[in-house]
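Please look over the sequence and the model before reading on. The notes below take up a few parts of it in turn.

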Amino acid sequence: MSRVVAEDNNTASPMPVRDSVPFYDRRELEMSRAAACASPTLGQLLKCVGDVRKEVTGDETPVHQVLDMSHVDHQLIMSSIPFVLSFSHLTYSIKARRKAALPNLRFPRAADPVSGETLSPGTKTILDDVCGEARDGEIMAVMGASGSDRIEINEGYIRVRNARRSFVPHAHCRRNLMFAAEFRLPRTLSKSKKKIRVQALIDQLGLRNAAKTVIGDEGHRGVSGGERRRVSIGIDIIHDPILLFLDEPTSGLDSTSAFLLVKVLQRIAQTGSLVITSIHQPSYRILGLLDRMIFLSRGKTVYSGSPSNLPLFFSDFGHPIPDSENRTEFALDLIRELEGSPGGTKSLVEFNKSWQTLKRGNINNIIQTTIAGASNGSTINLSLKEAISASISRGKLVSGTGNGGPTNSATSMVPTFANPSWIELAVLSRRSFTNSRRMPELFGIRLAAVMVTGFILATVFWRLDNSPKGIQERLGFFAFAMSTMFYTCADALPVFLQERYIFMRETAYNAYRRSSYVLSHSLMSLPAILFMSLAFAATTFWAVGLDGSFLFYFMIIFASFWAGSSFVTFLSGVVPQVMLGYVIVVALLAYFLLFSGFFINRDRIPPYWIWFHYISLVKYPYEAVLQNEFQDPTKCFVRGIQIFDGTPLAAVPNDLKVKLLGSMSSTLGMRITSTTCVTTGADILQQQGVNDLSMWNCFWVTVAWGFFFRILFYLALLLGSKNKRR
């Protein structure tokens, strides 16, 4: 359970009054308190958003709403109340996987469970009655065993390990921060003010020299590890949050980079934010920057307080810290040693409780002596609504429009999303276009692959005639060409898999709606599909000697690319790995081709497999191009003696074939000559079983498949991108 407490400056030890200055360099804060207090906050910038551009253009967009604060004490708000985030009796358990027991084997009896573990079958306690508090302007460090995750609880969340920090690797630092500003700052804030915020953040994070350097990835060299970590923090604090959680931000960095990073966190805290971070063995210099520490062992608190009290704490416990040793290293080594002992850390946990109780009693006595005779209390408890209201007035939050829920709801005071859907769509589309422009080789390779495939098919099936062999060759061309459309789309599989962690990180903090991402992803795929469809259609239509409408041929290829791209995109949202995705795509497309009607007609498919024929993605474009090719009822494909082609009688002389036609004519009672048309396009369609849907219906079904898989992709993101423990 957590609560927000505001301490009265008149009853506690004097604390510096801080104003939020989110859009200017914080480095001058300690040098010039008056200048910092005079700087505008985020709320003030939003309130004054009616700039010259809006006056000139006559934009009547409603400006930022100022929340009515009449129900909260005015003096309380104007005094920049220092907030205290207090959490007590915090407990969390997970379901543990059971290991299969081996029969007829005897093992030594397990020791009794140590602190933090339970005997309940199938469960494991991660947090057990954890208490503490964090104050704005301070850094709280959480230390203990590694290996945590981001988990969801009923009220709020705990942000811990394995939340991967991902960026757009081909965008530079400033561009990544600008994308974050466009997503997380409201549209009522002009672009110029967003740029000011980004520049101030770059200066605050010490990234001025790396602002124009790309982030980079495994295959592209970019910024250093420390700079990348600072950009990651900048993306999280672009909207100047009240509470900032970080998981081992110094992990993997050298001592200097780690120290500079914690200095950045200190400056962030000094703007009025509560900074809580897990950290692994901080150095002596970093230890001097931390204000509060919590040591955890097996889910229980073994120490909570200031780093300066560590020597006194362990001295009272009977294990004094040598002057030559690092305090945190000594504490962690002692905790690990106790964890390996039969009693575990139970003695240290109990000692911490008694020591904390004694310390609080001493502090209360000092406070009561200092403020003897004062009429007011030492703390002011604020409700969640009052705390949010105070934060809005200080510029640490952006108030909502009141449309998100009841006016008396505290959560409705802060909007779920900073921007409307169309703004999110525009920003996502622009980012996708920028990334594509920075990597033109990706589209070039896809287009080249399509054109090479079209060139090979055009040369293999060059200028097909209307003979019976030409008919079979046409059928083979159409089946291979339509299946190629879907196989070519398999290259879209890694796209979302590479963006998965970017998407999960951004949507976890409501940077944009999942629907906006799906819509942007769909729209930005259309230009590439359009060019590839036109290239393939133009390469093959006239070279193969196809009949029918070129426009429809192009449209059905476009629809096939659209359906195939949507199908692969949906799979990318479901499968966790690229190789597994390729295996599934190849297998399913092979099944789709098998049941498309080319290898076996619909009438010959067993009843227990007929359902697969109707869900085959290749069936509908294949039948559509067949009808486009053979729709002319006046065009003949088999005349007279051509009926003997493909039979043992094909080798006999033509004169004998004519005599055979005469005999057949007398038998059938109709005259058949060498020029008589015996097979039309309608006959071919009937033979192939293409008679249940028209070609336009096949086209629309193919398009509908694309929308269907996009909807499934959205549902997969909606249900599968929850931050669950793995």
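What follows is a report on selected strands, a disulfide, a surface patch and several salt bridges in this predicted model.

Strand 9 pairs with strand 4 and with strand 10. Strand 4 (residues 139–143) runs parallel to strand 9 and is joined to it by four bridges. Within this pairing, Ala141 has Met293 as its bridge partner. Strand 10 (residues 300–305) is antiparallel to strand 9, and the two pair over five bridges. Here Met293 stands opposite Gly305. Strands 9 and 10 form a hairpin in which two residues lie between the strands. Arg298, in the turn of this hairpin, has a positive phi of about 55°.

## A β-α-β unit

Strand 7 (residues 243–247) and strand 8 (residues 274–278) run parallel and are joined by five bridges. One of the facing pairs is Leu246 and Thr277, the latter in strand 8. Together with helix 8 (residues 255–270), strand 7 and strand 8 make a β-α-β unit, and this unit is right-handed.

## The disulfide and other cysteines

How many disulfides does the structure hold? There is one. The sulfur atoms of Cys636 and Cys677 are 2.2 Å apart in this disulfide. The link of Cys636 and Cys677 is right-handed, with 105° about the S-S bond. Distant parts of the chain are connected in this way: Cys636 belongs to strand 12 (residues 636–639) and Cys677 to strand 13 (residues 677–680), 41 residues apart.

Cys489 has 1% relative accessibility, so it counts as buried. Cys698 is also buried, with a value of 0%.

Is Leu668 buried or exposed? Its relative accessible area is 54%, so Leu668 is exposed, since the cut-off for that class is over 50%.

## Salt bridges

The count of salt bridges in the model comes to 16. Among them is the one between the side chains of Glu629 and Arg474, with an N to O distance of 2.7 Å. This pair links distant parts of the chain, with Glu629 in helix 22 (residues 619–630) and Arg474 in helix 16 (residues 468–488), 155 residues apart. Both Glu629 and Arg474 are buried.

Asp547 and Lys635 also meet through their side chains in a salt bridge, at 1.8 Å from N to O. Again distant parts of the chain are linked: Asp547 is in the loop between helix 18 (514–544) and helix 19 (550–572), and Lys635 is in the loop between helix 22 and strand 12, 88 residues apart. Asp547 has 23% relative accessibility and so counts as partly exposed. Lys635, at 19%, counts as buried, because the buried class lies under 20%.

## A salt-bridge network

Asp692 and Lys619 form a salt bridge between their side chains, with 3.5 Å from N to O. Asp692 lies in the loop between helix 24 (681–687) and helix 25 (695–720), and Lys619 lies in helix 22; the two are 73 residues apart and link distant parts of the chain. At 31% relative accessibility Asp692 is partly exposed, while Lys619, at 0%, is buried.

Which residues are linked with Asp692 and Lys619 in a network of salt bridges? Arg602, Asp603 and Glu623 are linked with them in this network.

Terms used. Residues numbered from 1 in each chain as written. Predicted model: local features only at pLDDT ≥ 70, side-chain atom pairs only at ≥ 80, totals over all residues. Heavy atoms only, no water. Pairing = 2+ DSSP bridges. Disulfide = S-S within 2.5 Å. Buried < 20%, exposed > 50% of the residue type's maximum accessible area, 1.4 Å probe, protein only. Right-handed = clockwise from strand over helix to strand, strands pointing away. Salt bridge = Lys/Arg side-chain N within 4 Å of Asp/Glu carboxyl O.
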